Amino acid sequence: MVDLESLFKLSYGMCVVSSKKKDSINGCIVNTVFQIVPEPPMVAASINRNCLTHDYITESKVFAVSVLSQQAPMSFIRRFGFRSGGDFDKFRKVNYKLGQTGAPILLDNTVAFLEAQVTESVDVVTHTLFIANIVACQMLNESAEPMTYAYYRDIKQGKTPKTAATYINLEKNRKKE
Ligand SMILES: Cc1cc2nc3c(=O)[nH]c(=O)nc-3n(C[C@H](O)[C@H](O)[C@H](O)COP(=O)(O)O)c2cc1C
């Protein structure tokens with residue numbers, strides 16, 4: 001049996017992964033950032049090849065991860081998770097700073113951030129797994145609770161687009177049962 005809904009029981013955190021390309025910056029919601037090695041500290045992120053952020057990371061070989069707090073409003077998640085930076089400037093009127101890699105770090109709705117330098121890119125069907133060394137990381141708001149993917153789905157009643165690494169077609173999955 002392959003009941004894909006069981007995959008909702010895996011835990012993830014909600015982040016904005018951002019990067020740069022020459023003078024431009026962009027970022028998108030990603031729930032598949034995870035630490036893979038303790039020493040040196042390394043992370044991986046699974047990014048869809050159709051996302052503009054993928055193009056930026058491929059070009060610059062750097063990315064930042066802003067870990068979202070539970071307070072992040074749905075309008076903020078829609079802005080970064082359901083629209084492409086190809087159509088508009090997602091960082092316009094958003095409070096951010098450029099990190100030491102040049103990638104933008106969100107200052108509102110963010111618990112902590114990290115910056116990373118890509119060491120390896122692994123093609124996985126529709127996505128690329130970017131493997132990277134952490135070159136900087138800092139707490140921004142220690143008292144705020146990070147938003148988990150379960151919180152986003154169950155409490156905020158948030159949806160997930162097809163481009164996401166953890167997208168599940170519920171209708172197709174239920175028909176199979
Ligand atoms: C809850 C949620 C989780 C997401 N997780 C991922 C992910 O892990 N990887 C990914 O490539 N896209 C993910 N996305 C989708 C991107 O954020 C979305 O395709 C975005 O519009 C891409 O923007 P861009 O083209 O400006 O990079 C997720 C979106 C949401 C709302």
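Predicted model: local features only at pLDDT ≥ 70, side-chain atom pairs only at ≥ 80, totals over all residues.
View 1. Along the principal axes, the C-alpha atoms fill a box of roughly 50 × 35 × 35 Å. Of the 177 residues, 33% count as buried, and among contacts between residues at least 6 apart in sequence, 68% join residues that are at least 24 apart.

View 2. Seen here is an open sheet of 7 strands, whose order is S2-S1-S5-S8-S9-S4-S3 and whose pairing is antiparallel. Strand S2 (24-30) and strand S3 (33-37) stand at the edges, and because each has a single partner strand, one side of each is left without a neighbour in the sheet. From one strand to the next, the twist averages 35°. In general, the strands of a sheet pair through backbone hydrogen bonds, and this pairing can be either parallel or antiparallel.

**View 3. Strand S5 and the strands beside it.** Strand S1 (residues 15-21) pairs with S5 in the antiparallel sense over 4 bridges, and cysteine 15 has valine 67 of S5 as its bridge partner. Strand S8 (residues 110-124) also runs antiparallel to S5, to which it is joined by 7 bridges; here alanine 64 has glutamate 115 of S8 as its bridge partner.

View 4. S1 and S2 are paired in the antiparallel sense over 7 bridges, and the bridge partner of serine 18 is glycine 27 in S2. Helix H2, made of residues 74-81, lies across S1 and S2 and runs at about 115° to S2. Helix H1, made of residues 52-60, lies across S1, S2, strand S4 (42-48), S5, S8 and strand S9 (127-139), and runs at about 55° to S1.

**View 5. The shell of residues around the ligand.** There are 25 residues around the ligand, of which Cys28, Thr53, Gly81, Ser84 and Gly85 come nearest. At least two residues of the shell are supplied by each of S2, S4, H1 and H2, and S2 gives the most, with 4 residues. Sorted by class, the shell has 12 nonpolar, 12 polar and 1 charged residues.

**View 6. Phenylalanine 8, in the segment before S1.** Phenylalanine 8 lies in the segment that comes before S1. Is this residue buried, exposed or partly exposed? Phenylalanine 8 has 15 other C-beta atoms within 10 Å, so it is partly exposed, since a residue needs 20 or more to count as buried and 12 or fewer to count as exposed. Phenylalanine 8 and lysine 159 are 151 residues apart in sequence, and their C-alpha atoms are 12 Å apart in space.

Technical notes. Residues numbered from 1 in each chain as written. Pairing = 2+ DSSP bridges. Axes fitted to C-alpha atoms, helices over the stretch in contact; angles between N-to-C directions. Contact = placed C-beta atoms within 7 Å. Near = placed C-beta within 6 Å. Nonpolar A, V, L, I, M, F, W, Y, C, P; charged D, E, K, R; others polar.
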